[in-house]
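This report describes selected features of one protein structure. Please look at the sequence and the structure before reading on.

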Amino acid sequence: MTSPHTEQTKFRLATFCLPLVFLSVAYLMAAQIFGLWPLRLPAATVCPATATNNQIFVDPTGSNQHTENWQPEAHSFAQALGSCARATFWTIDDNSSSAAAYGKPLVFPMVDPSAPGAIRITVEKQIEALRAEVEQRIAKMMLQKGAARSDVIGIFNKLLPEVDRRNVLVVFSDGKESGGGVDLEDGHSCIDPGNVSGLVDLALRNRHMESTVDRFDAIKWVIPASSGNLGCNSRDELRLFWGAVVARLSRPGRAPALLFDTNVFSLGAEYEPH
């Protein structure tokens, strides 16, 4: 049998604890909804399957005329980058195989759908800032003083694929190789189906190539709005040449898809946003 004093103590404890429990539950619910949780939730440990490793090459050599489409293409490309994306930058010059990277890599943070709202908003702001930096860096690279000749083939020696991201090679160039055994500038060698194999032989002759291009998922190649002359190294002929180069540098059946056009990213049909 409990005494009156014990009953009074229990009543007082209940009177004190019940409101405290109610307030605690209400706070936890509000904190989860509004992102006020004082402890950081564990971040997801796996990047989404759509995360990309983007190696970006920009060709500022003088032959790249009518590049007014490059800026909107750079914008569309940058806006497609998202959670866990990685971007590295390189210029194309007369010895692209030995060129150093342009600036430090940009690594996008991971978007964790289960994170509190305030954390997700912060991450999205970081991603927006990185997208703007990608676009600005490409614009600055376009303004660099280019070399007299373009060693475009040399970019294939600079590829560094990653195992946990989709690997995408992004190129801003007219594709007119002139750095080695072949010269595709206007007025020189003209590509056609009958000579393309021989031109690739000349371009790769006496070159030490250790390309990993066949570990890339796609090549997104943006050419100037007006490039080449119909019948002599126009878009279609140059696409034929670079498709043959990529096939030659790849293991059988492993060549990545090549999209070679003026509006690779702005149309959005061939590039998967993430």
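## Strand β1 and N54

N54 belongs to strand β1, residues 52-58 (helices, H or I, at least four residues, and strands, E, at least two, are DSSP runs numbered from the N terminus). N54 is buried, at a relative accessible area of 0%; buried means under 20%, exposed over 50% and partly exposed in between, with a 1.4 Å probe and protein chains only. The side chain of N54 makes a polar contact of 2.9 Å with the side chain of T52. Such a contact is a pair of N or O atoms within 3.5 Å, where within protein one must be able to donate a hydrogen and the other to accept it, and residues adjacent in sequence count only if both atoms are side-chain atoms.

The model is predicted: local features need pLDDT of at least 70, side-chain atom pairs count only at pLDDT 80 or more, and totals for chains, interfaces and linings use all residues. Residues are numbered from 1 along each chain as its sequence is written, and side-chain values use heavy atoms, with hydrogens and water left out.

## Helix α4

In α4, the buried residues are V196, L199, V200, A203 and L204. They line one face of the helix, because they fall within an arc of 125° seen down its axis (the arc is that of the directions from the helix axis to the C-beta atoms). These buried residues pack against α5, where contact means heavy atoms within 4.5 Å.
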